[in-house]
Amino acid sequence: MAKRINALDPQLINQIAAGEVIERPASVVKELLENSLDAGSTRIDIDIEEGGKKLIRIRDNGHGIANEDLELALSRHATSKVRILDDLERISSLGFRGEALPSISSVSRMKITSQDEDSENAWSITGDGSQTGNELTPASHPQGTTIEVRDLFYNVPARRKFLRADKTEFNHIKDVIDKIALSRFGIDINLNHHGKKISNYRGGANADSEARRVAEVCGKPFVESAIKISFAAAGLNLEGWVAKPTFSRSQADLQYFFVNGRIVRDKLIVHAIRQAYKDVMYSGRHPAFVLYLQLPPELVDVNAHPTKHEVRFRESRLVHDFIFRAIHNSIADQRPAQEQPTHSVTEAAQYHSQQTKDAFGGDAVATDLVSAAGLASSPVSPNKYSSFSQSSMALPVREQMASYDRLTHGSADVEMSAENGSEEHPLGFALGQLHGIYILAQNKTGLILIDMHAAHERITYEKMKAEFESKAIVAQPLLVPISIAVSRKEANIVEESKEFFQNIGMEVDRMGTETIVVRQVPAYLYKADAVKLVKDILSDLIADGDSNRGREAINLVLATMACHGSVRAHRQLTIPEMNSLLRQMEQTERIEQCNHGRPTWTQLSMDDLDKLFLRGR
């Protein structure tokens, strides 16, 4: 016998809805804080007990809830933020579905006390998951709202048993509050756990107070290594902080991205940012950032996920390219500057130069290309601990590497010492070499230390990329075309993307229902694994409608050639050669780190040196 269709009980409906919105105590805090922000609050006080399981109390000084609306506030799909269908196309508030309060009240003992800005008296209402007891009672309360949530999931034991330890749940709450604190710099936020003050964020609307709050959430080292950015184009505006590549992380734990004030975790945004760091960061490392994207509300759909963590952009390619360019250009524009603060010591800085060799040591394709280009490895000095050399030595490199040629031969305009040079340079002038690895230089601020191989590797790589981009990609026909078995979908993509493949120097044709053939590849990738490259490109085209695999593979080869063609460790340079390297560093994009993400230079100020030797004490 078929089961009959029955209308669900309203209480059960609310509890099912709560399962989508309320996952743990942190979910409650997020929803209530967003309501406080939408209410125009300038101060929010949060009290937590037992990691939020026993009590969550949030008090704000917003515009409050009118007494006639309090009962309606506990009803599903009742909201002040959306009235007609067109409002969903331009949502500017954080909340809009009218699900949070009834969902929370259905799985807890909840009390709302509020006085709106137009009333002289405050009122309270309670809810406990049942359909009774939702009566208004007079209360004493200033303008604003206080919401108490007690005994979360008391009536849903299956959900309560999945909650973690109090400390774990509180850490999740703290993470939510940190994100809210970063989203609104002008609001005071106070957090207490068991009556003990945990966080006290003071509001402010100037650059110093914003930097202070970012430091409170992300740490002072992040702020010290961050690049402040501000870009606007095509109706989009991106502002915030991105950490230098040398401040990379082992986890994606310092990544905050806000879209119109809403914290989001979006695959398109993450991809754009990772691409911007592609050339300057170790594989497996993660960038750190606090970024704010503003765009017209009608260009973003925030109604894409029950928790509102994900969004959909109506012009996704425009947004992706805008974010990529803004961050990519900000990193590229970093140059050594006078009075620049000392670089922070990071995990990435502690990698030994052996990582550079390991990164490409097993790449047979790249090695063949390097050999074909006529690059010979530089000989090592018999005494690797020799420190200084005044002799001019010829370094065997190909003539096309103009930057390397200028370095090895020096030039008249840099053959000056710190004593007789009249022109100020951010990296100053060379004093000598340390163990044939580091260059020591003096500038107005103090002592500069340069990893000469890492610095010259970046200089050479950037020049080779510029040379490559300035010319059409040279294609190399294959003596024997390569046939590849693919799926019908992949074969269709090849047929639709012939122009795309041509633009990256490849010729790929469809030969059958599930067969394609590769006829030519870029000359730089003549000995590369064409089958793997094409399959990777097809995977990208299917997933994203675009692919950077071809250019990335070419850049990998150029990076390898730059590594082999750069001045090697233990190579003795003359003072003019060192100064030539310093001048080129000052003009090179992304010079802060080498092609593998290692820092290229650092500075010790006179104050730093005085502290080392206890001067002035």
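Predicted model: local features only at pLDDT ≥ 70, side-chain atom pairs only at ≥ 80, totals over all residues.
Helix H2, formed by residues 25-38, packs against helix H6, formed by residues 166-183, at an angle of about 25 degrees and with the two axes 8 Å apart. Since angles under 35 degrees count as roughly parallel, H2 and H6 are therefore roughly parallel to each other, and their crossing is right-handed. On the H2 side the contact involves Pro25, Ala26, Val29, Lys30, Leu33 and Leu37, which meet Glu169, His172, Ile173, Val176, Ile177, Ile180 and Ser183 of H6. By class, this contact comprises 9 nonpolar, 2 polar and 2 charged residues.

The model contains 28 salt bridges. Within helix H6, the side chains of Lys174 and Asp178 form one of these, with an N to O distance of 2.9 Å; because the two residues are 4 positions apart in the helix, they are separated by about one helical turn. Asp178 is buried, its relative accessible area being 9%.

A further salt bridge joins the side chains of Glu592 and Lys244 at 3.9 Å, N to O. Glu592 lies in the loop between helix H19 and strand S22, whereas Lys244 lies in the loop between strands S10 and S11, so the pair ties together parts that are 348 residues apart in sequence. Both Glu592 and Lys244 are buried.

The side chains of Glu589 and Arg590 likewise meet in a salt bridge, at 3.1 Å from N to O. Glu589 is partly exposed, with a relative accessible area of 31%, while Arg590, at 5%, counts as buried. Glu589 and Arg590 also belong to a network of salt bridges that links them with Asp279, Arg458, Glu462 and Lys465.

How values were computed
Residues numbered from 1 in each chain as written. Heavy atoms only, no water. Axes fitted to C-alpha atoms, helices over the stretch in contact; angles between N-to-C directions. Parallel < 35°, antiparallel > 145°, perpendicular 65-115°, else oblique. Left-handed = near helix turned anticlockwise from the far one by under 90°. Contact = heavy atoms within 4.5 Å. Nonpolar A, V, L, I, M, F, W, Y, C, P; charged D, E, K, R; others polar. Salt bridge = Lys/Arg side-chain N within 4 Å of Asp/Glu carboxyl O. Buried < 20%, exposed > 50% of the residue type's maximum accessible area, 1.4 Å probe, protein only.
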